[in-house]
Structure formats: C-alpha cells, structure tokens
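My notes follow the order in which I looked.

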Amino acid sequence: MTSPQQTAGNRHFHEELTELKRRLVDMSALAERLIDQSIKSLLERDRDTAEEVIVNDKRINTLEVEIEQQAIRLLALQQPLARDLRFLVGAIKVSNDIERAGDHAVNIAQSAVRLVDYGGRLTPAPEIEDMARRSRAMLSQAIDAFIRGDGALGREVCKADDAVDALHDSVFRSLLTHMMESARNITPSLELLLVSRNLERVADL
C-alpha cells in the first residue's frame with residue numbers, strides 16, 4: 001500500500017518532470033527564434049538584429065545549465081526507473097543539442113555582421129532561406145517528438161535531414177560558381193558557405 005508520503009513524493013516528482021519539459025520547450029523556442037533572427041539579419045544586412053542574437057544566446061546557455069542541474073537532481077534524489085529514467089538522461093543530451101543549435105545561430109549572426117562590414121552585395125542563395133525554414137521546423141518537431149515520446153515523428157524528422165543536405169550541396173555549387181567568376185566574390189561567398197554549413201549542422205542536431 002502506498003503511504004501518503006510516497007504519494008506526495010510521486011506527485012512532486014511528476015510536477016518536476018512537467019517543469020523540466022516546459023523548460024526544454026522554452027529553450028527550443030528560443031533557439032528557433034534566434035535562428036529566424038540570424039537569417040533575418042543576414043538577408044536584411046541588419047547589424048542590430050545580428051547583435052541581438054549574439055546577446056540572447058546567453059539565455060540559452062543559462063537554460064541548459066538549469067535543465068541539466070534539475071535532471072541530475074531528480075536522478076540522484078528520486079532514482080527513477082524505466083521511461084522516466086530514459087527521459088531524464090535524454091533531457092540532458094537534448095538540452096546540450098539545443099544549446100549547440102543556439103551557437104550555430106550565433107555563428108550565422110556573426111557572418112551577417114562580417115558581411116555588413118565587408119559591404120559587398122552578393123545576394124544569398126534562395127536555398128539558404130529554405131534551409132533555415134526546414135532546419136527550424138526540424139528543431140521544433142524534434143523537441144515535440146522527444147517530449148511526447150513519439151518515435152514515428154522522430155523518424156520523420158531524421159528523414160527530413162536529407163533534403164537539408166541536398167540544399168547545402170546546391171548552395172556550395174552556386175557559391176563556387178560565384179567565386180570562380182570574380183575574386184571579389186570569394187570573401188562573401190565563404191561567409192555564405194559558413195551560414196549554409198551552420199544551418200546544415202542545426203538539422204543534424
């Protein structure tokens with residue numbers, strides 16, 4: 001028979017799990033927003049928006065630490081089994097992946113700043129905007145799949161990575177053509193290639 005203390009403990013544990021899930025969703029939403037803003041800063045040559053991305057990445061770093069500490073505390077104090085154990089271990093890994101996605105958004109914003117400073121007018125390949133849209137959607141769907149324990153959705157997200165890889169290859173070929181046309185295109189093309197690579201890495205994560 002379950003004692004009142006055990007019942008209260010179980011209720012507190014599940015409340016903590018719910019809070020942990022909420023933090024993961026909030027962290028993912030922030031990373032998605034930073035990706036959107038970094039691409040906006042690139043397309044619009046908007047230094048202020050790029051610098052805002054760089055500053056706001058600190059909040060993602062803070063959330064990662066908070067989630068990891070909460071998960072470790074629950075593992076140590078509650079000693080969960082089976083599904084709850086797998087979720088807590090997974091939450092630590094997932095929060096690290098989301099933090100890395102935020103880092104990639106920062107890298108894109110930094111490329112945007114350098115392109116503003118360079119002053120060239122090489123237009124980003126349309127595939128980059130498509131890559132950003134797909135990568136952001138994959139991030140959103142991946143966290144949804146993890147929170148809900150939806151393996152089918154998780155597998156669909158993995159399949160979507162092939163399309164992003166193909167777009168990255170297309171961007172590379174396009175930028176290589178630009179670099180061969182004129183030496184003035186080399187610097188901005190390399191920056192745009194970095195942007196494409198960072199988006200491809202977000203999809204990988």
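**Ground rules.** I worked from a predicted model, in which local features need pLDDT of at least 70, side-chain atom pairs count only at pLDDT 80 or more, and totals for chains, interfaces and linings use all residues. Residues are numbered from 1 along each chain as its sequence is written, and side-chain values use heavy atoms, with hydrogens and water left out.

**Whole chain.** I found six helices and zero strands in the protein chain; helices (H or I, at least four residues) and strands (E, at least two) are DSSP runs, numbered from the N terminus. The C-alpha trace spans about 80 × 35 × 20 Å along its principal axes. Of the 205 residues, 41% are buried (under 20% relative accessible area, with exposed over 50% and partly exposed in between, for a 1.4 Å probe and protein chains only). I then looked at contacts (heavy atoms within 4.5 Å) between residues at least 6 apart in sequence, and 83% of these join residues at least 24 apart.

**Helix α2.** D46 caps the N-terminal end, with a side-chain oxygen 3.1 Å from the backbone nitrogen of D48. That is a polar contact by the rule used here: a pair of N or O atoms within 3.5 Å, where within protein one must be able to donate a hydrogen and the other to accept it, and residues adjacent in sequence count only if both atoms are side-chain atoms. Just after α2, Q79 takes a positive phi of about 45°.

The buried residues of α2 include V53, D57, E64 and Q70. I also looked up T49, which lies in α2. T49 counts as buried because its relative accessible area is 11%. Leaving out residues up to four places away in sequence, T49 touches Q37, K40 and S41.

**Helix α5.** The same check on α5 gave agreement: 31 residues should span 45 Å, and the end C-alpha atoms are 47 Å apart. At its start, a side-chain oxygen of D150 reaches to within 3.2 Å of the backbone nitrogen of A152. Among the buried residues of α5 are V157, D161, H168 and M179. The buried residues of α5 pack against α4 and α6.

**Largest pocket.** On a 1 Å grid over the protein atoms alone, a pocket is an open set of points where a 1.4 Å probe fits, with protein on both sides within 12 Å along at least five of seven lines; lining residues have an atom within 4 Å of a point. Grid points are joined across faces, edges and corners, and a volume is the space filled by probe spheres set on the points. The largest pocket holds about 350 Å³. It has 20 lining residues, with D97, M138, A142, V157 and L205 nearest its centre. α4 gives the largest share, seven residues.

**Second largest pocket.** This one holds about 210 Å³. Its lining includes H14, K21, R83, F87 and F146. Here the largest share, four residues, comes from α3.

Terms used:
The expected span of a helix is 1.5 Å times one less than its number of residues.
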